[in-house]
Amino acid sequence: MKNGNIFTLIELLVVIAIIAILAAMLLPALNKARDKTKAISCASNLKQLGLVSSLYQNDWDSFFPPTKMSYPLNADGLIPWSGHFHFTYKTPTKTFDCPGSAETLTSNLRTNQRISYGANYYHLATSVFYGGDSKLPAKANQIKAPSRTINMADSIVVGTTDGNYVIYSTWSSDRVPYGGRHSQIANIAWADGRVSGLKCTSTNFNQEHGWVSSSAQVGTRPNYYDRTNKR
Ligand SMILES: [Zn+2]
């Protein structure tokens, strides 16, 4: 009875092995939960950006925010929409930083364009494909289907870990909505203010929601953003 209640070395090793196996089984689930938390936090960011976009529209006769606005203090006299949201509408810096992105956004929002979220350059934030210029955005009542038109979304410059303040190209080229941050889901702030995830891979990036790169595609596909069809 002398050693009756004491673990032998073998028993101890078995217990440790069991704990290690359990930990290995739990780890993927924990990682998944962590990713989910990041995706939810990102969606919250986009919800706030959508709200500020609405505030901007209230202040500016229903125009969506243009990609850049007048700002005499900057060298080029312009400030990105994100800088305007930050300084004029007091949107905190972290709101422009997706928790799923590799980098932490620290630099000055007055000039920094490498934020996690891009605005829809072609169909909301400018008029370049509608015979207008790069500073004249769409008005809310011009959009055919706001609930299916991207306002702002997780974005990336392909080949880097940087996000970008506008989305305007196809998957194979430059600045695109980015699904990789959230298990191939990109969070989207739609033009009606709603936020939801959209599965985005290189093969299913489609033109319907407004990230086409060619003017030829305007009006030729079942697009929802097309403002030429309205009014
Ligand atoms: Zn995100």
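## Lys 38 and its contacts

Not counting residues up to four places away in sequence, Lys 38 touches Pro 99, Gly 100 and His 182, where contact means heavy atoms within 4.5 Å. Lys 38 belongs to helix α1. Helices (H or I, at least four residues) and strands (E, at least two) are DSSP runs, numbered from the N terminus. The relative accessible area of Lys 38 is 29%, so this residue is partly exposed. Buried means under 20% relative accessible area, exposed over 50%, and partly exposed in between, with a 1.4 Å probe and protein chains only. Lys 38 and Ser 101 are 63 residues apart along the chain, with 9.4 Å between their C-alpha atoms.

This is a predicted model, in which local features need pLDDT of at least 70 and side-chain atom pairs count only at pLDDT 80 or more, while totals for chains, interfaces and linings use all residues. Residues are numbered from 1 along each chain as its sequence is written, and side-chain values use heavy atoms, with hydrogens and water left out.

## Overall layout

The protein has 3 helices and 8 strands. From the N terminus on, their order is α-β-β-α-β-α-β-β-β-β-β. Of its 231 residues, 42% count as buried. Among contacts between residues at least 6 apart in sequence, 58% join residues at least 24 apart.

## The zinc site

The zinc ion is coordinated by Cys 42 (SG), Cys 98 (SG), Asp 154 (OD), Asp 154 (OD) and His 182 (NE2), at 2.0 to 2.6 Å. Donors are N, O and S atoms within 2.8 Å of the metal (3.2 Å for Na, K and Ca); water is not among the atoms, so sites may look incomplete. Along the chain, the donors follow the spacing C-x55-C-x55-D-x27-H.

Asp 154 and His 182 link distant parts of the chain, 28 residues apart. Asp 154 lies in strand β4 (residues 150-157), and His 182 in the loop between β6 (175-177) and β7 (185-190). Both Asp 154 and His 182 are buried. The loop between β6 and β7 also holds Gln 184, which has a positive phi of about 70° although it is not a glycine. Gln 184 is partly exposed, with a relative accessible area of 38%.

## Helices α1 and α2

The axes of helix α1 (residues 9-59) and helix α2 (residues 81-88) come within 11 Å and cross at roughly 80°. Axes are lines fitted to C-alpha atoms, for helices over the stretch in contact, and angles run from 0 to 180 degrees between N-to-C directions. Leu 49, Val 52, Ser 53 and Tyr 56 of α1 meet Trp 81, His 84 and Phe 85 of α2.

In α2, the buried residues are Trp 81, Ser 82, Gly 83, His 84 and Phe 85. These buried residues pack against α1, β1, β2 (78-80), β3 and β4. After α2 comes Lys 90, whose phi is positive, near 60°. Lys 90 sits in the loop between α2 and β3 and counts as exposed at 63% relative accessibility.

## Nonpolar cores

A nonpolar core is a set of buried Ala, Val, Leu, Ile, Met, Phe, Trp, Tyr and Cys residues joined through side-chain atoms within 4.5 Å. The largest one has 24 residues, of which Leu 46, Leu 49, Trp 81, Phe 85, Phe 96, Ile 115 and Met 152 touch the most other members. At least two residues of this core come from each of α1, α2, β3 (117-120) and α3 (121-125). The largest share, 5 residues, comes from α1.

Neighbours within four places in sequence aside, Phe 85 is in contact with Leu 49, Val 52, Ser 53, Pro 65, Lys 90, Thr 91, Phe 96 and Met 152. A second, separate core of 7 residues includes Ala 153, Ile 188, Trp 190 and Cys 200.

Lys 68 is in strand β1 (residues 68-70) and counts as buried at 18% relative accessibility. Not counting residues up to four places away in sequence, Lys 68 touches Asp 76, Leu 78, Ile 79, Pro 80, Trp 81, Gln 113 and Tyr 165.

Arg 110 lies in the loop between α2 and β3 and is partly exposed, with a relative accessible area of 27%. Beyond its neighbours within four places in sequence, Arg 110 is in contact with Tyr 71, Leu 73, Asn 74, Ile 79, Pro 80 and Phe 87. From Arg 110 to Pro 80 the C-alpha to C-alpha distance is 7.2 Å, with the two 30 residues apart in sequence.
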